[in-house]
Amino acid sequence: ISLQGWKALEEVFISGNTKLSSVIGLEDLQQLLNLAIVRNTVESVGTIRGSPRLLTLDLTQNHLSQLPVFGELPALRNLDASNNKLQIVSVLPANLEEVNFSQNPLIDLDGLDGLPTLRNLSLDHILGDGLSSLSRIGDLPSLEELSLTNNKFRDVTSLLKFTKLKTLFLDGNHIEDLSPLSTLDDLIYLQAINNPLKDTSCHFEKAECRFSLFPSLTMATTR
């Protein structure tokens with residue numbers, strides 16, 4: 001399907017097309033605000049550029065093995081490419097605030113570097129070998145919410161560089177010790193259900209432990 005020449009489009013929603021393999025013509029749609037291509041069999045989206053008003057891009061649940069080539073998209077704030085076949089996160093628009101790459105067989109997250117305004121990142125249930133560390137991602141200075149559920153994390157120290165974190169989801173990993181997270185002074189919500197926490201870990205149901213080890217926490221759930 002091609003959207004070339006549809007210059008007045010502001011909203012596009014393409015969904016439930018089991019024979020749709022590509023969407024092209026996504027250039028110079030200058031009025032476009034929201035683009036959703038979800039629950040199709042799309043393998044390629046080509047290039048997206050020339051849409052200065054585009055705020056949200058939803059590519060959920062397709063067959064994408066690579067991200068679109070992004071031109072200048074100064075207004076883009078939200079990108080959801082969850083539940084695809086992506087292995088590599090390529091260069092992303094620098095002004096993104098929310099990104100979701102959950103349920104992809106990711107092996108390379110380098111494209112997440114250099115996103116100074118990113119506030120919310122979801123990397124749940126990474127397929128294939130799974131996700132056990134974020135050590136290769138540089139600092140994301142504005143990151144406030146991070147979701148890493150159903151992965152293979154054992155050690156949380158690679159998360160300590162995200163010093164602005166307020167909300168952290170770690171359900172369904174292999175974590176035994178959460179205490180290093182106590183250095184995250186802004187952390188107010190921590191959820192770590194279904195982890196093999198050892199007795200040496202903080203027992204959040206005990207107020208003296210919750211508020212001495214994690215003085216900023218207002219809520220924590222571990223089971």
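## Salt bridges

The count of salt bridges comes to six. They belong to a predicted model. Side chains of opposite charge can pair when their charged atoms come close.

The protein carries 18 positive and 27 negative side chains. The centres of these two sets lie 3 Å apart.

## Arg49 and Glu27

One of the salt bridges joins Arg49 to Glu27. Their closest N and O atoms are 2.9 Å apart. The pair links distant parts of the chain, 22 residues apart. Arg49 sits in the loop between strand E3 (47-48) and strand E4 (56-58). Glu27 sits in the loop between strand E1 (11-15) and strand E2 (34-38).

How far are the two side chains covered? Arg49 has a relative accessible area of 43%, and Glu27 has 30%. Buried means under 20% and exposed means over 50%, so Arg49 counts as partly exposed, and so does Glu27.

## The network around Glu97

Arg77, Glu97, Glu98 and Arg119 are linked in a network of salt bridges. Within it, Glu97 pairs with Arg77, with the closest N and O atoms 3.6 Å apart. Glu97 lies in the loop between strand E6 (78-80) and strand E7 (98-100). Arg77 lies in the loop between strand E5 (69-70) and E6. The pair therefore ties together parts that are 20 residues apart in sequence. Glu97 is partly exposed at 25% relative accessible area. Arg77 is partly exposed too, at 31%.

Glu97 also meets Arg119 in a salt bridge, at 3.4 Å from N to O. Arg119 lies in the loop between E7 and strand E8 (120-122), while Glu97 is in the loop between E6 and E7, so this pair ties together parts that are 22 residues apart in sequence. Arg119 has a relative accessibility of 32% and counts as partly exposed.

## Overall fold

The protein has one helix and 12 strands.

The C-alpha trace spans about 65 × 30 × 25 Å along its principal axes.

## Surface and contacts

Of the 223 residues, 46% count as buried. The accessible surface comes to about 10700 Å². Carbon and sulfur atoms hold 49% of that surface.

Contacts can also be sorted by distance along the chain. Among those with a separation of 6 or more, 22% involve residues 24 or more positions apart.

Definitions and conventions
Residues are numbered from 1 along each chain as its sequence is written. This is a predicted model: local features need pLDDT of at least 70, side-chain atom pairs count only at pLDDT 80 or more; totals for chains, interfaces and linings use all residues. Side-chain values use heavy atoms; hydrogens and water are left out. Helices (H or I, at least four residues) and strands (E, at least two) are DSSP runs, numbered from the N terminus. Buried means under 20% relative accessible area, exposed over 50%, partly exposed in between (1.4 Å probe, protein chains only). Contact means heavy atoms within 4.5 Å. Accessible areas come from the Shrake-Rupley method with a 1.4 Å probe; for residues, only the protein chains shown count as cover. Lys and Arg count as positive and Asp and Glu as negative; His and the chain ends are not counted. The place of a charge is taken as NZ of Lys, CZ of Arg, CG of Asp or CD of Glu. A salt bridge is a side-chain nitrogen of Lys or Arg within 4 Å of a carboxyl oxygen of Asp or Glu.
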